[in-house]
Structures are given as structure tokens and as C-alpha cells.
Amino acid sequence: MKCTNKCITLLLAAMLATGLCGCSNSQSDLALSYDVYQMADSVGISTATNDNAKSYFSNQLCVSEDISLGTDTTNSQVAEGAGTFNLATGDVVYAKNLYERLYPASTTKILTAYIALKYCEDLDAYVTISERAVNQASDSSVCNLKAGDIVKLRDLLYGLMLRSGNDAAVAIAEYVSGDVESFAELMNQEAAAIGATQSHFVNPNGLPDENHYTTVYDMYLIFARALENQTFIDIISTKSHDVVYTDANGKAVERTWENTNQYLTGATKAPEGFSVIGGKTGTTGDAGYCLVLYSYNASGQPIISIVFKADGKSNLYLLMNEMLSGFAN
């Protein structure tokens with residue numbers, strides 16, 4: 001839902017009196033604070049007056065109260081959190097636990113890619129893969145990189161977003177910030193600047209940690225900002241990527257990284273009239289099955305849809321299709 005002008009005016013009047021936009025989550029009893037001034041300033045919009053800030057928040061973002069929308073007509077019970085956002089109208093058209101803190105799993109890599117694209121001008125720069133980057137658990141999603149491999153940053157971004165390589169995520173973090181810990185600090189700074197103030201990140205790949213969390217609404221904010229970069233869209237819309245890089249001995253290595261998004265692989269069909277551009281999957285035991293998706297409906301309107309903590313892969317795509325066909329047309 002999009003608040004009416006009257007509702008937005010009253011809500012923001014109260015928020016701007018303290019400099020904060022507040023919502024409360026009855027389930028988690030979490031006090032939320034979205035800094036309207038910071039969110040507007042982060043995209044270069046003057047907030048010299050309250051009217052400017054209110055205009056930014058009401059016209060540039062999908063906003064919603066903390067209520068459920070559409071959950072009674074979908075299989076909403078299969079996931080802990082979900083949201084559908086019509087970017088053309090500014091409406092939140094489907095909502096379940098938008099503001100509940102949840103583990104993002106590999107959807108974290110959306111923020112990692114956004115930061116790399118923001119701070120690295122030369123995507124053809126070469127990155128040497130470290131021992132730490134390749135030191136991943138045996139069941140971890142990886143690009144099968146080896147220490148000493150020399151890979152272009154551009155290719156690492158494809159490995160990050162298509163193959164969901166945890167090794168690629170660490171390599172990117174180390175290239176951008178020198179080490180994972182410094183990159184995590186940058187992640188939190190950038191998330192806050194976007195307005196995703198109810199998130200906290202400790203790694204670039206989304207591996208489980210009690211201090212690594214986000215919300216459906218925060219992920220919408222992060223993903224929407226990333227979509228402003230055409231290179232990001234080009235990457236997430238790619239079905240597979242062929243890469244050639246050099247190992248520590250100077251030998252060429254050839255690999256193909258396939259997208260894990262079932263809409264792009266053809267394993268799942270989008271509802272009639274919808275064109276899926278791309279997105280990011282994520283799965284861990286604690287996070288469940290997650291998907292952040294970018295698509296267009298039959299009217300050509302851009303849609304962001306998010307499902308967090310689904311209880312299985314088939315149910316993840318089942319609910320996603322119900323959200324799109326029932327509420328995003």
C-alpha cells in the first residue's frame with residue numbers, strides 16, 4: 001500500500017520533528033528508525049526544508065505501514081517475510097513482516113556488488129585470489145577459485161551474482177577494502193546511507209552470523225539502489241557467463257558460471273505477462289530459501305519482489321508467482 005497524501009504528511013510531520021521515520025513491528029517489538037534526511041541526501045536531493053524531505057520520501061520510495069497485505073489469499077505461511085513493490089506507482093502491493101529482522105543469506109551479495117560497482121571504476125582490473133577467499137566450507141557455494149588465481153573484477157562480479165560464489169565475495173571485499181572486516185564496515189555505512197538502517201552485515205557473502213541480518217524492506221531499498229546501475233542489471237540478467245583467467249602457475253583456466261535463479265534457467269516459469277530480468281537467490285539453514293527479484297509486468301511497470309525464509313525451493317517460487325500474478329499486475 002502507498003500511504004495517502006494526508007497519512008504521509010501526518011506521519012512525516014511527526015518523524016521530521018525528531019529527524020526520524022518510525023515504524024513498529026508488533027511481532028518483534030522492534031523500534032524502527034528510517035532517517036528521511038539521510039535517505040534523501042544519499043541520492044543528492046536537497047533536504048533544506050521539510051517539504052523537500054517529505055517529497056523525496058513519498059515520491060521516490062514505496063512506503064507502507066507495518067501490516068499484512070494479500071497474505072490471506074496466498075500460501076503466505078511458507079515464508080517468514082515477503083514484499084512486492086511496484087516501482088512505477090510507488091505502491092507496496094504485498095506485504096508480510098516487512099520490518100522483521102531476518103537472515104539474508106546470499107542476497108547479501110546484492111550489497112557487495114553494489115559497493116564494488118560504486119567504488120571500482122576499472123572492472124577489468126585484475127584481482128589475485130587469497131588463501132582466505134578460498135578457505136570455504138565444503139558445502140559452501142563457490143566458484144572453485146584457487147589461491148593465486150588472477151581474475152578480472154568484472155568476472156568476479158559474475159561469479160558472485162550468478163554462481164553465488166562465497167570465494168568471489170571475499171576476493172571482492174579484499175580488493176575493495178583490503179580485508180573482510182573493513183569491507184563489512186563499508187557495507188554498514190552504505191546500507192545506512194541508502195536508508196537500510198535496520199540491517200547489519202559482518203561479511204560480504206551472507207554466511208550465518210547472529211549479527212548479520214536485514215529486513216524485507218531494507219533489502220528492497222538496497223536492491224532498488226543497485227538497480228540504478230546498468231552494469232548491475234546486465235550481470236543479474238545473464239543466464240551464464242564464460243570466464244578465462246590465470247592460475248598461480250600462469251596456466252589458463254576456463255569455467256562457465258550458471259545463474260542460480262530458476263526463472264532464468266527455465267526451471268520455473270514466471271506468471272503470464274511477466275518478464276523476469278534477474279535477481280539474487282540465497283539459501284542457508286538459518287535463512288531458509290530467499291529470492292530477491294526484478295521483473296516487469298504486462299503494463300511495463302518495474303516490480304521488485306522479495307521472499308525471505310521460505311521453507312523450501314518449490315514453495316519459494318510458488319509464493320513468488322502468487323505475489324506477482326495476484327498483486328503486481
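**Reading helix H12 and the cores**

Guide: This model is predicted. The buried residues of helix H12 pack against strands S3 (79–86), S4 (91–96), S9 (275–284), S10 (288–296) and S11 (302–310), and against helix H11 (262–265).

Visitor: Which residues of H12 are buried?

Guide: Leu316, Tyr317, Leu319, Met320, Asn321, Glu322, Met323 and Leu324 are buried in H12. The cut-off is under 20% relative accessible area, so each of these residues falls below that value.

Visitor: How do you know that the span of H12 is close to the one expected?

Guide: H12 covers residues 313–327, which is 15 residues. From its first C-alpha to its last, H12 reaches 21 Å. The expected span is 1.5 Å times one less than the number of residues. For H12 this expectation is 21 Å, so the span counts as close to it.

Visitor: What makes Asn144 stand out, given that it is not a glycine?

Guide: Asn144 has a positive phi of about 60°. Most residues other than glycine have a negative phi. Asn144 sits in the loop between helix H5 (131–134) and strand S6 (150–152).

Visitor: Why is Asn144 called partly exposed?

Guide: Its relative accessible area is 39%. Buried means under 20% and exposed means over 50%, so Asn144 at 39% falls in between.

Visitor: What is the phi of Lys309, and where is this residue found?

Guide: Lys309 is not a glycine either, yet its phi is positive, at about 55°. Lys309 is found in strand S11. S11 is one of the elements that the buried residues of H12 pack against.

Visitor: How do you know whether Lys309 is buried, exposed or partly exposed?

Guide: Its relative accessibility is 40%.

Visitor: Which residues touch the most other members of the largest nonpolar core?

Guide: Phe85 and Phe232 do, in a core of 71 residues. Helix H9 (residues 216–226) gives the most to this core, with eight residues.

Visitor: What does Phe232 touch, not counting residues up to four places away in sequence?

Guide: Phe232 touches Ile110, Ala113, Leu117, Met161, Phe223, Ala226 and Leu227. A touch here needs heavy atoms within 4.5 Å, so each of these residues meets that limit with Phe232.

Visitor: What does the second, separate core include?

Guide: That core has 20 residues, including Tyr94, Tyr263, Leu291 and Val307.

Conventions: Residues are numbered from 1 along each chain as its sequence is written. This is a predicted model: local features need pLDDT of at least 70, side-chain atom pairs count only at pLDDT 80 or more; totals for chains, interfaces and linings use all residues. Side-chain values use heavy atoms; hydrogens and water are left out. Helices (H or I, at least four residues) and strands (E, at least two) are DSSP runs, numbered from the N terminus. Buried means under 20% relative accessible area, exposed over 50%, partly exposed in between (1.4 Å probe, protein chains only). A nonpolar core is a set of buried Ala, Val, Leu, Ile, Met, Phe, Trp, Tyr and Cys residues joined through side-chain atoms within 4.5 Å.
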